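Here are my notes on the model you sent over.

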Amino acid sequence: MLIDGHNRVVDYLRVSVTERCNFRCQYCMPEKPFSWVPKENLLSYEDLFKFIKVSIDEGIKKVRITGGEPLLREDLDSFIKMIYDYKSDIDLALTTNAYLLPKVAQKLKDAGLKRINVSLDTLKPDVAAKIAQKDVLAKVLEGIKKADEVGLKIKVNCVPIKGINDDGIIEVLEFCKERGYVVRFIEFMENHYAKDSAKGLDSKEIKDIISKKYNFKMVPRDTSSPAQYYELEDGYQFGIIEPHKDDFCASCNRIRLTAEGFLIPCLYFEDAMSIKDAVQNDEIDKAVDILKEVLRTKPEKNKWSEEDGTETSTRAFYETGG
């Protein structure tokens, strides 16, 4: 079992396989040029797997593959199969924008992938194009449909931005409700790379919009989830992720590994230690020592919950699956 310096059990590893993305979303990387970390600087799937394997041995129960957009990295299904073949009952998931899913959903399912989280911020093509800075919605919806057809479990993430997609919150909720997908609305996390004009809705504002059409009640919190869930009168549940809330970090159970081998204890902070040399040199005990040191120094909480609410992270979320 892995325990951090604040006595929290850590059993969830998020692994970024690339910082590359085919979208330029306003709240993530709108100005990022199409220039990337050279391929030779990235850990191979084999080296990433060495660390995942020892992390599972130490107590990791859930592995999520992220990016950037993870489907941009070739042969991702072979990497997923490595993990599945090592421990078939691992909770193995993927976060994606779904744009490339139509062609690969079946291969990912066959390799052992169990579920996906998909970014879907709007159901209006023009708004989607404004957010992602390209025409994406039709392909995203096709990808979601294909994932559903092959039997992948689906959660939808939506980041409401004031004046952009906040008028489509109920539409996204109903799209998911009709199809049996869980939707989670995520408060915008202020970061250095987002568009300066991007302003998110907080939890109260999101709930006020939904309450104009639906009655709902709060569900007792599952401490293993970052979301607070609410239940409509018909039993459907939606979630809200509130990183600005003071207790958001109290039950944090995750660490993050970048494609370059940096082990990151918290999405907000720049602090990281590299396991690259250790895994490439097959010094697995050293990699475990680094893992435990990262856990020992894992921050108690982020700074989005500071009183004035103006703290901005300098972390590039597209490198860490934020």
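1. Ground rules next. This is a predicted model, where local features need pLDDT of at least 70 and side-chain atom pairs count only at pLDDT 80 or more, while totals for chains, interfaces and linings use all residues. Residues are numbered from 1 along each chain as its sequence is written, and side-chain values use heavy atoms, with hydrogens and water left out.

2. Now the overall picture. Buried means under 20% relative accessible area, exposed over 50%, and partly exposed in between (1.4 Å probe, protein chains only). The chain exposes about 14600 Å², with carbon and sulfur atoms supplying 48% of it; areas come from the Shrake-Rupley method with a 1.4 Å probe, and for residues only the protein chains shown count as cover.

3. Take Ile170, which sits in helix α6 (residues 169–179). Ile170 counts as buried because its relative accessible area is 19%. Setting aside neighbours within four places in sequence, Ile170 is in contact with Ile209, Ile210, Lys213 and Tyr214. Lys212 is 42 residues from Ile170 in sequence, yet their C-alpha atoms are 9.4 Å apart.

4. Helix α1 (residues 45–58) passes a quick geometry check. The expected span is 1.5 Å times one less than the number of residues; for the 14 residues of α1 that gives 20 Å, and the end C-alpha atoms are 20 Å apart, so the two agree. Its buried residues include Leu48, Phe49, Phe51 and Ile52, and also Asp47. Just after α1, Gly59 takes a positive phi of about 135°.

5. From the record: an unreviewed UniProt entry places a "binding site" at Arg14, Arg64, Thr95, Lys155, Arg254, Ile255 and Arg256. UniProt positions are given in the numbering used here, feature names are shortened, and annotations may be inferred rather than shown by experiment. Of these, Arg14 lies in strand β1 and is buried, with a relative accessible area of 9%.

6. Last, Val9 is in the segment before β1 (12–16). At 38% relative accessibility, Val9 counts as partly exposed.

Note on methods: Helices (H or I, at least four residues) and strands (E, at least two) are DSSP runs, numbered from the N terminus. Contact means heavy atoms within 4.5 Å.
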